[in-house]
Amino acid sequence: FQDRSLPERRGVFLAMAQTAGEEIVPYCRHLVTRWIWRNWRKHQEAAILAAEALEKIATPIALSALEAGRRRMNRTIRRGCADALARLSTHRQEQDS
């Protein structure tokens with residue numbers, strides 16, 4: 001899976017978000033919160049894709065997973081989760097207007 005291109009992997013994560021919904025939240029939460037010891041670049045990419053999937057799911061439990069990822073020590077993952085939360089906040093504000 002990691003050998004596939006980034007757009008292909010993104011498509012898989014987004015398809016999982018659309019078809020499985022909240023069922024993949026624990027897996028995505030694991031990706032955005034686990035400690036990185038080896039292959040950190042590949043893990044960072046997977047965590048960012050997981051954050052995008054959590055953004056699409058946008059349920060309270062998915063938002064909780066993004067909040068947990070936002071508290072990570074890894075700057076790239078922390079930023080990815082924060083960006084996803086910011087986009088959701090902007091989208092909700094637009095809907096309220």
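Here, "buried" means that a residue has under 20% relative accessible area. Keep that in mind for this predicted model, because buried residues (under 20%) come up a lot below. The protein chain has five helices and zero strands, and along the sequence the pattern reads α-α-α-α-α.

**Helix 4**
- Helix 4 covers residues 60-70, and its buried residues are Ala62, Leu63, Ala65, Leu66, Ala68 and Gly69.
- What covers those buried residues? The cover includes helix 2 (25-33), helix 3 (40-57) and helix 5 (75-96).

**Helix 3**
- With 18 residues, helix 3 reaches 25 Å from its first C-alpha to its last, close to the 26 Å expected at 1.5 Å a residue.
- Its buried residues include His43, Gln44, Leu49, Glu52, Leu54, Glu55 and Ile57.
- The buried residues of helix 3 pack against helix 1 (6-20), helix 2, helix 4 and helix 5.

**The whole chain**
- A compact globule of 97 residues would have a radius of gyration near 13 Å, and the protein chain agrees, with 13 Å.
- Taken along the principal axes, the C-alpha atoms fill a box of roughly 45 × 30 × 20 Å.
- Buried residues make up 38% of the 97 residues.
- Take the contacts between residues at least 6 apart in sequence: 63% of them join residues at least 24 apart.

**Surface and charge**
- The accessible surface is about 6400 Å², and 51% of that belongs to carbon and sulfur atoms.
- There are 17 positive and 11 negative side chains, with the centres of the two sets 9 Å apart.

Technical notes:
Residues are numbered from 1 along each chain as its sequence is written. This is a predicted model: local features need pLDDT of at least 70, side-chain atom pairs count only at pLDDT 80 or more; totals for chains, interfaces and linings use all residues. Side-chain values use heavy atoms; hydrogens and water are left out. Buried means under 20% relative accessible area, exposed over 50%, partly exposed in between (1.4 Å probe, protein chains only). Helices (H or I, at least four residues) and strands (E, at least two) are DSSP runs, numbered from the N terminus. Contact means heavy atoms within 4.5 Å. The expected span of a helix is 1.5 Å times one less than its number of residues. The radius of gyration is taken over C-alpha atoms; the globule rule is 2.2 Å times the number of residues to the power 0.38. Accessible areas come from the Shrake-Rupley method with a 1.4 Å probe; for residues, only the protein chains shown count as cover. Lys and Arg count as positive and Asp and Glu as negative; His and the chain ends are not counted. The place of a charge is taken as NZ of Lys, CZ of Arg, CG of Asp or CD of Glu.
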